[in-house]
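The sequence and the coordinates are shown below.

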Amino acid sequence: MNAATPPELDGLWLFDGVCNLCSGSVRAVLAIDRKGLIRFTPIQSTYGRRLSLDHGIDPDQPTSFLFLHGGQALEKSAAILALLRRLGAPWSWLAVIGVLPRAWLDGAYDGLAANRYRLMGRRATCMLPTPEQRARFVLEPPIS
């Protein structure tokens, strides 16, 4: 991917809102990221669908999430590592796995992504943020 992204989208995580693993990960980051450095948009939203298509991800059969970081749209292990680094210590320490070959990391990611519904289940509807979390969710493009 690595398509250029506007600065106002920096820190945006495009996730599969019906995936229990993905939604659980978002809830975990919401709890960890007290500074609000990471924002979210479900791939099932109108804006999420557009972003996914703009970056070559099928919104009806997503095989990766996107994390918009430093002007780039990152996928798979690159996205995970950037997200961990943004969370700060102690979570950023987990990014040490980045020393492993990218092919290994992406292979592990692909295996988990291909089996995520079977392993963790799927929701009937997209995850809904609580009123307190709603400000962290971007459902429409920023006004330029």
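This is a predicted model: local features need pLDDT of at least 70, side-chain atom pairs count only at pLDDT 80 or more; totals for chains, interfaces and linings use all residues.

Which residues does Ser64 touch, once its neighbours within four places in sequence are left aside? The contacts are Ile57, Glu75, Lys76 and Tyr109. Ala113 is 49 residues from Ser64 in sequence, while the two C-alpha atoms are 6.9 Å apart in space.

Lys76, one of the contacts of Ser64, is placed in helix 3. Its relative accessibility of 22% makes Lys76 partly exposed. Most residues other than glycine have a negative phi, and most peptide bonds are trans. Lys76 is not a glycine, yet has a positive phi of about 50 degrees.

The peptide bond that joins Ala89 and Pro90 is cis, with omega at about 0 degrees. Pro90 belongs to the loop between helix 3 and helix 4. Helix 3 covers residues 76-87 and helix 4 covers 102-120, and Leu94 is also found in the loop between them. Leu94 has a relative accessibility of 44% and therefore counts as partly exposed. Asp10 is 84 residues away from Leu94 along the chain, and their C-alpha atoms are separated by 21 Å.

## Strand pairing

Strand 1 (residues 12-15) pairs with strand 3 (residues 66-69) in the antiparallel sense, over three bridges. In this pairing Trp13 stands opposite Phe67 of strand 3. Strand 1 also pairs with strand 2 (residues 39-42), here in the parallel sense and over four bridges. Leu12 stands opposite Arg39 of strand 2.

Strand 3 pairs in turn with strand 4 (residues 72-75), antiparallel and over four bridges. Leu68 has Ala73 of strand 4 as its bridge partner. Strand 3 and strand 4 form a hairpin with two residues between the strands, and Gly70 in this hairpin takes a positive phi near 55 degrees.

## Side chains of strand 1

In a regular strand the side chains alternate between the two faces of the sheet. Where do the side chains of strand 1 point, and are they buried or exposed? Leu12 and Leu14 point one way, Trp13 and Phe15 point the other way, and all of them are buried.

Helix 2 spans residues 46-54 and includes Tyr47. At 4% relative accessibility, Tyr47 counts as buried. Leu68 lies 21 residues from Tyr47 along the chain, with 14 Å between the two C-alpha atoms.

Arg50 is also placed in helix 2. Arg50 has a relative accessibility of 45%; this falls between the limits of 20% and 50%, so Arg50 counts as partly exposed. Pro141 is 91 residues from Arg50 in sequence, but the two are 9.6 Å apart in space, C-alpha to C-alpha.

## The chain as a whole

The protein has four helices and four strands. Along the sequence they follow the pattern β-α-β-α-β-β-α-α. Among contacts between residues at least 6 apart in sequence, 69% join residues at least 24 apart.

Is the radius of gyration that of a compact globule, or what value does it take? A compact globule of 144 residues would have a radius of gyration near 15 Å, and the value for the protein is 14 Å, which agrees. Taken along the principal axes, the C-alpha atoms fill a box of roughly 40 × 30 × 30 Å.

## Surface and charge

Of the 144 residues, 43% count as buried. The accessible surface is about 8,000 Å², and 60% of this area belongs to carbon and sulfur atoms. Charged side chains comprise 16 positive and 12 negative ones, and the centres of the two sets lie 6 Å apart.

Terms used. Residues are numbered from 1 along each chain as its sequence is written. Side-chain values use heavy atoms; hydrogens and water are left out. The radius of gyration is taken over C-alpha atoms; the globule rule is 2.2 Å times the number of residues to the power 0.38. Buried means under 20% relative accessible area, exposed over 50%, partly exposed in between (1.4 Å probe, protein chains only). Contact means heavy atoms within 4.5 Å. Accessible areas come from the Shrake-Rupley method with a 1.4 Å probe; for residues, only the protein chains shown count as cover. Lys and Arg count as positive and Asp and Glu as negative; His and the chain ends are not counted. The place of a charge is taken as NZ of Lys, CZ of Arg, CG of Asp or CD of Glu. Two strands pair if DSSP finds at least two bridges between them.
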